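The sequence and structure come first.

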Amino acid sequence: MELGEILRLKPGLEKTRRREAGTILLTGSPADRHLKRVEHRFFSARLYEIRISYRIDRLPQGAVGLLAQLKDAYGPPRLDREEDFDREHGDLSRWGTVWEDAQTRLVLLERHYVHDAHVLIALTLTMTDQELARRYDAAQEEQARRKWCKVPIPTPERRPVAKTEAPSDASR
């Protein structure tokens with residue numbers, strides 16, 4: 001789906017653009033009471049990822065119920081409730097369930113974390129176009145490479161000038 005098409009369908013989405021990576025993020029607060037937030041990520045004006053954040057307290061049977069619905073819709077996952085810890089972001093625990101084929105990757109992530117002395121649960125479903133995600137990753141790597149090329153580092157052909165040497169001494 002193209003960027004212009006989704007903007008026509010959902011004109012109220014909040015738009016964030018990262019010029020360096022060529023990405024655009026559209027964020028909306030849906031009217032559906034089960035959903036907290038929906039993000040549409042674009043690369044080169046094409047939708048490559050949708051991230052849906054759920055209100056776990058409003059889901060019938062919580063995360064378990066959503067997981068059962070997804071298994072009914074998409075079949076058995078490639079990874080089922082793989083445990084993964086992310087201490088950097090303050091996670092107490094996190095589980096991921098992954099469905100994947102050549103074109104699409106779906107990840108249901110359940111995070112338990114502490115915020116303001118309360119244990120909270122975040123439930124997010126991410127749907128990614130594999131080919132566009134590979135292009136995005138390649139563009140990110142190229143951008144990082146270009147940034148590193150701008151960092152001055154000594155190479156064997158160009159010996160750095162020592163602080164005690166005069167510039168004319170270094171050229172001899």
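## Elements around the cavity

In this predicted model, α2 (62–74), β6 (91–100) and β7 (104–115) each contribute at least two residues to the lining of the largest cavity. The largest share comes from β7, which supplies three residues.

## Cavity size and lining

Searching the whole structure turns up one cavity of 30 Å³ or more. The space in the largest cavity amounts to about 50 Å³.

Its lining consists of A63, L67, R81, W95, T97, L108, L109, E110 and L123. Sorted by class, six of the lining residues are nonpolar, one is polar and two are charged.

## The largest nonpolar core

The largest nonpolar core holds 14 residues, and those that touch the most other members are Y54, L66, L70, W99, L108, L123 and L125. Two or more residues of this core come from each of β3 (35–43), β4 (46–54), α2, β7 and β8 (118–129). The biggest contributor is α2, with four residues.

L108 and L123 are among the residues of this core with the most contacts to other members, and both also line the largest cavity.

## Contacts of L125 and a separate core

Leaving aside residues up to four places away in sequence, L125 is in contact with I50, R51, I52, Y54, L70, L106, V107 and L108. Of these partners, Y54, L70 and L108 are listed with L125 among the core residues that touch the most other members.

Another core, of six residues, lies apart from the largest one; its members include L3, L13, I24 and L26.

Terms used:
Residues are numbered from 1 along each chain as its sequence is written. This is a predicted model: local features need pLDDT of at least 70, side-chain atom pairs count only at pLDDT 80 or more; totals for chains, interfaces and linings use all residues. Side-chain values use heavy atoms; hydrogens and water are left out. On a 1 Å grid over the protein atoms alone, a cavity is a set of points where a 1.4 Å probe fits but cannot get out, and a pocket is an open set with protein on both sides within 12 Å along at least five of seven lines; lining residues have an atom within 4 Å of a point. Grid points are joined across faces, edges and corners, and a volume is the space filled by probe spheres set on the points. Ala, Val, Leu, Ile, Met, Phe, Trp, Tyr, Cys and Pro count as nonpolar, Asp, Glu, Lys and Arg as charged, and the others, Gly among them, as polar. A nonpolar core is a set of buried Ala, Val, Leu, Ile, Met, Phe, Trp, Tyr and Cys residues joined through side-chain atoms within 4.5 Å. Buried means under 20% relative accessible area, exposed over 50%, partly exposed in between (1.4 Å probe, protein chains only). Contact means heavy atoms within 4.5 Å.
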